[in-house]
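Me: I would like to go through the labels used for this model one by one. For each, give the value and the cut-off behind it.

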Amino acid sequence: MTSFGGTLVPDYCRSEATHCAGATSQPCEFAQCGARHVRVDWLWDSMKLRRLLPDTSYTFPATRAGSS
């Protein structure tokens with residue numbers, strides 16, 4: 001990921017994260033700070049094509065508080 005201009009953000013810098021990649025629709029902690037929650041496929045597909053793909057088709061549906 002870093003070879004393509006991305007940066008891994010440590011836990012103490014969550015507010016700097018733009019995306020949070022996950023395998024499930026369970027929001028990650030970074031998403032609570034405003035990062036877009038995307039499927040891991042977005043990272044892999046972007047790296048395979050050697051360009052940053054739009055994340056719109058890789059985002060999880062928004063979940064409402066209290067829903068399971």
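Me: Why is R50 called exposed?

Reply: The model is predicted, and in it R50 has a relative accessible area of 69%. Exposed means over 50%, so R50 counts as exposed.

Me: Where is R50 placed, and what is its phi?

Reply: R50 is in the segment after α1. Its phi is positive, about 60 degrees, although R50 is not a glycine.

Me: Why does D55 count as buried?

Reply: D55 has a relative accessibility of 12%. The cut-off for buried is under 20%, so D55 is buried. D55, too, is located in the segment after α1, the helix of residues 40-49.

Me: Which residues is D55 in contact with, leaving aside its neighbours within four places in sequence?

Reply: They are H19, R36, V38 and W42. Contact here requires heavy atoms within 4.5 Å.

Me: What makes V9 partly exposed?

Reply: The relative accessible area of V9 is 25%. Buried would need under 20% and exposed over 50%, so V9 falls in between and is partly exposed. V9 sits in the segment before β1, a strand of residues 19-22. From V9 to H19 there are 10 residues in sequence, and their C-alpha atoms are 9.9 Å apart in space.

Me: How do you know that β1 and β2 pair?

Reply: Pairing takes at least two bridges between the strands. β1 and β2 (residues 36-39) are joined by 4 bridges, so they pair. The two strands run parallel, and A21 stands opposite V38 in β2.

Me: Which side chains of β1 point to the buried face?

Reply: Those of C20 and G22 point to one face and are buried.

Me: What lines the largest pocket, and how much space lies in it?

Reply: The space is about 570 Å³. The lining has 21 residues, and M1, G6, T7, W42 and L43 lie nearest the centre of the pocket. β1 and α1 each supply at least two lining residues. α1 gives the most, with 4 residues.

Me: How does the lining of the largest pocket divide into nonpolar, polar and charged residues?

Reply: It has 12 nonpolar, 6 polar and 3 charged residues.

Notes
Residues numbered from 1 in each chain as written. Predicted model: local features only at pLDDT ≥ 70, side-chain atom pairs only at ≥ 80, totals over all residues. Heavy atoms only, no water. Buried < 20%, exposed > 50% of the residue type's maximum accessible area, 1.4 Å probe, protein only. 1 Å grid on protein atoms, 1.4 Å probe; cavity = no way out; pocket = protein on both sides within 12 Å on 5 of 7 lines; lining within 4 Å. Points joined across faces, edges and corners; volume = space filled by probe spheres on them. Nonpolar A, V, L, I, M, F, W, Y, C, P; charged D, E, K, R; others polar.
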